[in-house]
Amino acid sequence: MSKNKKIIYIALLVAQGVIIGLLENMIPFPFAFAPGAKLGLANLITIIAIFTMPIKDSFTLVVLRLFLTTLLGGTVSTLMYSAAGAFLSYFGMLTLKQLGPKRISTIGISAFGGFLHNVGQLLIASWIAKSWTVMLYLPILSWIGILAGIAIGIAANYLMLHVKTLQEFQLAYDKHTLK
């Protein structure tokens, strides 16, 4: 696979993640019992990246997506919350992925990522508020994060099975990791 093709692939995924993230920020969350909760639809791009590119490239994608989304529609505080959730989720999903496809599915990895994203954001909220009582919100956010993670995992599975470009990158990534 050529270097140019890889750079274009990363750029396209980053652009898609930014657009999804910005669109999601415009959609009000329908549940009043969970103010500020989001479905994390842009994490679909992170899941795809984890399964179709090396760690260095997928990490670059996460960082670029965070900063570009913040530049286009966020604040320093949204960057703090997003980064905490995104990095904890990303590294947790990478760790869980090491168990292999016979022990954990893409859907399970994504659900775990949804849970960890909320943990990361609540840790930042607790730090800012200087109180652990913010963590009482975790059970509600956990259910939302896990359910959203399951939906995102299902979508990622579907896309990786039906989009030829994703299959090519996944095959190239799998060959690279087996060496």
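Modeller: Let's start with residues 104-124, where the chain is 90% helix and 0% strand, and the end C-alpha atoms sit 29 Å apart. Helices here are DSSP runs of H or I with at least four residues, strands are runs of E with at least two, and both are numbered from the N terminus. This is a predicted model, so local features need pLDDT of at least 70 and side-chain atom pairs count only at pLDDT 80 or more, while totals for chains, interfaces and linings use all residues. Residues are numbered from 1 along each chain as its sequence is written, and side-chain values use heavy atoms, leaving out hydrogens and water.

UniProt, in an unreviewed entry, lists 104-124 as a "transmembrane region", along with 7-23, 29-51, 63-84 and 136-161. Those positions follow the numbering used here, feature names are shortened, and annotations may be inferred rather than shown by experiment. Residues 7-23, for instance, are 100% helix and 0% strand, with end C-alpha atoms 24 Å apart.

Now for helix α5 (residues 106-129) and its partner, helix α6 (residues 138-162): their axes come within 7 Å and cross at roughly 145 degrees. Axes are lines fitted to C-alpha atoms, for helices over the stretch in contact, and angles run from 0 to 180 degrees between N-to-C directions. The residues of this contact split into 13 nonpolar, nine polar and no charged. Here Ala, Val, Leu, Ile, Met, Phe, Trp, Tyr, Cys and Pro count as nonpolar, Asp, Glu, Lys and Arg as charged, and the others, Gly among them, as polar.

What lies between α5 and α6? A loop does, and K130 is in it. Its phi is near 55 degrees, a positive value in a residue other than glycine. K130 counts as exposed, because its relative accessibility is 75%; exposed means over 50%, buried under 20%, and partly exposed in between, using a 1.4 Å probe and protein chains only.

Not counting residues up to four places away in sequence, T69 touches V18, L22, N25 and G74, with contact meaning heavy atoms within 4.5 Å.
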